[in-house]
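Let us walk through this model from the whole chain down to single residues. Keep the structure open as you read.

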Amino acid sequence: MALPPELFVLAGPGLALGLAFGYARFVEPRWLKTTTRCLALLPLTAGADRIKILHLSDLHHSDSVSLRYLRRSLEWAVQTQPDLILLTGDYITTRIDDERFLEILKLLPQAAPTFACPGNHDGGPWAQAMAGYATTGPIQRLLEDAGIRYLGNDWTLINVKGVAIAIGGMGDLWAMQCEPEAIQEPFNTAQADLKLLLSHNPDSKAKLAALDWDLMLSGHTHGGQFRLPILGAPFAPIKDKAFLVGLCPYGNRWIHVTAGLGNVHGLRFNCRPEISVIQLVKRGQGESAGT
Ligand SMILES: [Fe+2]
């Protein structure tokens with residue numbers, strides 16, 4: 001017996017919603033992409049023509065982001081052969097509940113010098129209110145045990161392929177631990193070819209404007225995580241949505257926001273997880289962005 005056409009009309013929207021949910025839950029959160037963007041920031045006198053930065057963020061180790069997925073993501077990421085790896089927070093969603101996470105994180109410093117700042121999920125008053133850690137201590141220990149240099153309101157000066165790079169890392173804005181005055185004097189006076197700043201939340205940019213940085217690297221937004229036609233990214237946790245994702249000009253400086261590797265609540269839609277590569281070239285060689 002043929003089914004009445006009204007049944008298909010009624011079932012259609014439900015079927016479409018079910019398929020969209022299945023895609024957002026089981027396909028897109030693990031459908032990694034690599035994005036490469038080029039930025040002309042190196043001085044003409046720098047000792048290298050090109051420095052490749054791997055920028056990763058928001059791993060969100062949790063029930064919704066498996067260690068198997070994170071291992072595959074980091075193995076894929078280091079295949080880009082970076083000169084420098086920068087991490088911008090939210091390594092966990094609530095707690096470190098599997099010690100194998102440490103072994104996975106070790107993949108990064110084995111590939112290149114790695115530096116990291118904390119995110120809002122990594123400890124502090126905001127995280128504690130969400131059943132997380134009261135301080136960033138456990139995450140700092142985890143990262144340092146993995147061989148990653150932790151920068152929470154701290155900075156360092158390194159040499160990469162003959163280029164002197166100052167790297168500052170901020171405490172998180174929502175954790176009320178973003179304290180630029182803690183690094184203002186040494187960071188602003190350091191002799192460096194390039195000054196990079198790690199700050200989880202791009203909304204911290206105004207607070208950090210007095211620091212002398214060329215490029216700020218951020219995460220936090222997950223690129224919106226759920227991007228809809230017409231509505232855009234209604235759940236993006238930032239005030240200034242001009243800095244949702246990608247390479248964004250900020251006065252005569254730049255802010256790079258990566259969509260990150262993980263997620264919260266196990267969903268992504270129209271906003272795939274991202275391995276971000278930034279190719280720094282000499283000034284005058286032009287800025288460009290591409291996937
Ligand atoms: Fe996050």
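Predicted model: local features only at pLDDT ≥ 70, side-chain atom pairs only at ≥ 80, totals over all residues.

Residue numbers start from 1 along each chain as its sequence is written.

Start with the whole. The chain has seven helices and 13 strands; these are DSSP runs (helices H or I, at least four residues; strands E, at least two), numbered from the N terminus. The chain's radius of gyration is 20 Å, close to the 19 Å that the globule rule gives for 291 residues, so the chain is as compact as a globular protein of that length. That radius is taken over C-alpha atoms, and the rule is 2.2 Å times the number of residues to the power 0.38.

Now find the open sheet of six strands. Its order is β6-β7-β8-β9-β11-β10, with mixed pairing. Two strands pair if DSSP finds at least two bridges between them. The edges are β6 (154-160) and β10 (246-250), each pairing on one side only. Strands β7 (163-169) and β8 (194-198) run parallel over five bridges. Here Ile165 has Leu194 of β8 as its bridge partner. At the other end, β10 and β11 (253-257) run antiparallel, also joined by five bridges. Tyr250 is bridged to Arg253 in β11. Two residues lie between the strands of this hairpin, and Gly251 takes a positive phi near 60 degrees.

Next, the core. In soluble globular proteins, nonpolar side chains tend to be buried together. A nonpolar core is a set of buried Ala, Val, Leu, Ile, Met, Phe, Trp, Tyr and Cys residues joined through C-beta atoms within 7 Å. Buried means 20 or more other C-beta atoms within 10 Å of the residue's own; exposed means 12 or fewer, partly exposed in between, with C-beta atoms placed from the backbone. The largest core holds 63 residues, of which Leu86, Ile167, Leu196 and Leu198 touch the most other members.

Finish with helix α6 (137-145). Its buried residues are Ile139, Leu142 and Leu143. Seen down the axis of α6, they fall within an arc of 95 degrees, so they line one face of the helix. The arc is that of the directions from the helix axis to the C-beta atoms. The face turned away carries the exposed residues Gly137, Glu144 and Asp145. After α6 comes Gly147, with a positive phi near 95 degrees.
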